[in-house]
Structure formats: structure tokens, C-alpha cells
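Here are my notebook entries from a first look around this model. Keep the view open and follow along with me.

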Amino acid sequence: MSGPIVHVDMDAFFAAVEQRDNPAYRGQPVIVGGLGPRGVVSTCSYEARHFGVRSAMPMRQARRLCPQGVFLPGDFARYVAVSRQLHAILGQASAVVEPLSIDEAFLDLTGQEAVPAARRLKADIREALGLTASIGVSYCKFLAKLASDMEKPDGFTVIDQDRAAQLLPALPVRALWGIGEKTEGHLARLGIHTVADLRRADRLLLRQVFGKRAGELIDLAYGLDPRPVSPPAPAKSISEETTFPQDVTDWAVLEDRMREFAAGLSAQLERTGMRARTVTLKLRYADFSDVTRSLTLAAPTAAAGPIGDAGMLLLARLPLTGRKVRLIGLGVSKLTDRNEPTQLLLPFG
């Protein structure tokens with residue numbers, strides 16, 4: 001098992017970058033996302049969260065809750081640039097870094113005094129980027145991530161084995177890694193609502209309902225998570241996708257999410273020193289039918305602009321009139337090292 005492990009999670013990342021770069025926004029409820037009638041909140045500042053605004057909320061609802069908010073469309077190229085700086089700092093703190101997203105990562109601090117090293121990392125991020133990160137330190141990934149969520153924003157939480165023993169039993173099962181709404185519902189039907197309930201549950205019944213996953217749930221209930229921090233292996237492709245809480249018919253919502261995906265993919269390519277030649281769009285309609293379309297670029301790239309433009313071109317080729325979209329995804333493939341010489345191709349669909 002790897003460890004000690006640190007989980008770094010930037011606080012309200014997009015909104016925080018906007019507040020950092022525009023003093024007039026500081027202390028204001030900043031809401032970033034699609035500004036159209038069917039737009040969705042990408043992220044919001046903690047000032048906005050006091051009004052009940054949350055990520056993935058329809059923008060029209062955010063406007064009702066916080067009409068005095070500062071509503072911004074987002075500058076994803078700028079967010080990607082800051083993300084590159086962030087991950088460079090993380091790479092200096094540890095040779096073993098597992099990025100989770102544009103603003104989040106695990107670090108393995110084996111061989112270091114974890115708490116002092118994590119405090120230095122937190123200070124380095126603030127000094128270099130002018131942004132705050134919430135940091136969790138523990139002996140496994142699940143608890144490190146749980147810790148980073150406990151004192152946001154600008155938090156620093158350590159969960160050792162003694163604290164885990166005190167903390168875990170009272171938590172709702174939804175706090176365990178990988179338990180979403182569906183699994184939570186299955187557990188609730190068994191009368192299992194808290195970690196303590198899960199620990200007391202009949203193991204045979206759990207295996208009947210959850211199969212092999214039952215053992216994983218029990219391990220998590222006792223604070224056991226053997227997964228190591230795993231730097232990303234060279235990939236043949238990378239992708240991002242999301243399922244909407246409600247089926248979408250509005251082009252602007254899809255366009256907003258496409259640009260976010262392009263920014264995230266660009267950040268991943270930059271971190272791994274790769275470029276992509278092919279962009280693939282995936283849609284799942286309300287009837288659960290899937291469609292994918294791909295486009296090969298004239299030259300490989302890691303830039304968010306061309307990736308997003310290709311995604312938008314592919315989206316324009318698909319029939320949307322009268323169709324409700326349940327899921328959208330964007331991926332890149334035909335990856336090459338950025339130092340590898342390339343031959344230019346004509347684009348084709």
C-alpha cells in the first residue's frame with residue numbers, strides 16, 4: 001500500500017481564478033458557466049454557495065437564487081494555463097502524482113514527513129498561484145479525499161487511524177468512495193444508512209446484492225483502501241463525459257459542456273506531454289441510443305481551442321431537433337509525444 005497520501009483540491013477553481021485576476025470580483029458571488037437560457041453552472045465562489053448555488057445547477061435557477069451574482073461565461077484557456085502551473089508544483093512535491101481533474105490530484109509522499117510536506121505544498125500553491133487549495137492527508141486515498149472535503153475552503157485536515165476510527169461510523173454511506181445515488185438507494189432498502197449500519201450488515205446478504213463489490217464496501221467502512229497513487233500510464237486515448245441530471249435539448253448547454261471538456265482534455269495532454277490528432281464526440285439520447293463521430297485534425301494539438309472547435313463541428317453534424325440528449329462526451333486519440341515530428345494531414349470527417 002502506498003502512503004502517506006495527500007489529496008489536493010483547489011477551492012472553487014474557475015471562480016477563484018476570476019476573483020484573483022479581477023479585484024472587483026473579490027468577495028462577490030461569482031458564478032461561472034453557460035449564460036444561455038439552458039446554461040449550467042460549472043463552478044461558483046463560496047460567496048455564491050451561501051445563496052444555495054451549486055455546480056451542475058441550471059443557470060436560470062442560480063440567477064433566481066442569487067440575482068446579484070457576477071455571472072461569467074468562463075475563460076477555459078486561462079484555467080488550463082493555471083492548471084499547468086498547479087501540476088508543475090505538484091510534480092516538484094512528489095514524483096508520484098495521480099491527476100484526477102484540471103484542479104485535483106493525489107500525491108504519494110512515501111519517504112517524507114507527510115504533514116510538514118503537505119503544509120509546504122499548500123503554501124507553495126498559494127504563493128505561486130495566488131489561490132487556495134484544500135488538502136487532506138491520510139494513509140489511504142479514500143480518507144485523504146474525505147479529509148480534503150472536511151474544512152473547505154482553504155482547509156488542511158489529517159485523518160490518521162485513530163481519527164478514522166472515531167469519524168467513520170457516524171458518516172452516511174454516501175460519504176464512502178464510489179457510492180452514488182443508485183448504490184445509496186440499494187443500501188437504504190436494506191436499512192443501511194450510515195457506515196455503522198454497513199459494518200453491522202449481514203455479509204452474505206451484501207454479497208447477494210452487490211456481488212464482489214460487497215467486500216470493497218466493507219473495507220471502505222473500516223477505512224481500508226489498498227489502491228496506490230497511480231501516475232497516468234501512456235494512453236491511447238483520453239476522454240471526458242457527463243450525464244445530465246435532466247435531458248437537454250438546448251445547443252448552448254451542449255456547447256458550454258464541450259468547451260469545458262476541451263479545457264480538461266487540453267490540461268491532461270499538457271501534463272503528459274502529448275498531442276492528439278483525432279477528436280471524437282459521443283452523444284447518448286434520451287432513448288439510450290448512442291452516436292459517435294470523429295474528426296482528424298490537420299496537425300496534432302494539445303490546445304483547447306482546436307479541440308473544442310472540432311467538437312463543435314462534430315456536434316453541428318448531428319441531428320438535435322426534437323432529440324433530447326442524456327449524455328455528452330468528448331475524447332481525443334491518436335496521441336503522439338509533443339517532441340515527435342509529425343506530417344501534416346488534410347482534415348476529414
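**Entry 1**

I started at Pro-153, which sits in the loop between helix H6 (141–150) and strand E8 (156–159). Helices (H or I, at least four residues) and strands (E, at least two) are DSSP runs, numbered from the N terminus. Lys-152 and Pro-153 are joined by a cis peptide bond, with omega at about -5°.

Residues are numbered from 1 along each chain as its sequence is written, and side-chain values use heavy atoms, with hydrogens and water left out. The model is predicted, so local features need pLDDT of at least 70 and side-chain atom pairs count only at pLDDT 80 or more, while totals for chains, interfaces and linings use all residues.

**Entry 1: Lys-122**

Next I looked up Lys-122, in helix H5 (residues 114–129). Is Lys-122 buried or exposed? Lys-122 counts as buried because its relative accessibility is 15%; buried means under 20% relative accessible area, exposed over 50%, and partly exposed in between (1.4 Å probe, protein chains only).

I then listed what Lys-122 touches, leaving out residues up to four places away in sequence: Ala-133, Ile-135, Asp-154, Gly-155 and Phe-156. Contact here means heavy atoms within 4.5 Å. With Asp-154, the side chain of Lys-122 makes a side-chain polar contact at 2.7 Å. A polar contact is a pair of N or O atoms within 3.5 Å; within protein, one must be able to donate a hydrogen and the other to accept it, and residues adjacent in sequence count only if both atoms are side-chain atoms.

**Entry 2: the cores**

Which residues touch the most other members of the largest nonpolar core? I found Val-8, Phe-13, Leu-90 and Ile-125, in a core of 40 residues. Helix H4 (residues 76–93) gives this core its largest share, seven residues. A nonpolar core is a set of buried Ala, Val, Leu, Ile, Met, Phe, Trp, Tyr and Cys residues joined through side-chain atoms within 4.5 Å.

I checked Ile-125 too: among its contacts, not counting residues up to four places away in sequence, are Val-8, Leu-86, Ile-89 and Leu-90. There is also a second, separate core of 33 residues, including Met-274, Ala-276, Val-279 and Leu-314.

H1 is mostly covered, with seven of its nine residues buried. Phe-13, Phe-14 and Glu-18 are among those buried residues. I looked for what covers them and found, among other elements, strand E1 (5–10), helix H2 (46–49) and H4.

Glu-18 forms a salt bridge with Arg-78 through their side chains (3.0 Å, N to O). This pair links distant parts of the chain, 60 residues apart: Glu-18 is in helix H1 (residues 13–21) and Arg-78 in helix H4. Glu-18 counts as buried at 7% relative accessibility, whereas Arg-78 counts as partly exposed at 24%. A salt bridge is a side-chain nitrogen of Lys or Arg within 4 Å of a carboxyl oxygen of Asp or Glu, and by this rule I count 19 of them. A network of salt bridges links Glu-18, Arg-20, Asp-21, Asp-75 and Arg-78.

**Entry 3: around E10, E11 and E12**

Asp-287 and Arg-323 meet in a salt bridge through their side chains (4.0 Å, N to O). Asp-287 lies in the loop between strand E10 (274–285) and strand E11 (290–301), and Arg-323 in the loop between helix H13 (304–316) and strand E12 (325–337), so the pair ties together parts 36 residues apart in sequence. Asp-287 counts as exposed at 53% relative accessibility, and Arg-323 as partly exposed at 28%.

Another salt bridge joins Asp-290 and Arg-284, with the closest N and O atoms 2.7 Å apart.

I also noted Phe-288, in the loop between E10 and E11. Its phi is near 70°, a positive value in a residue other than glycine. Lys-334, in strand E12, has a positive phi as well, near 50°.
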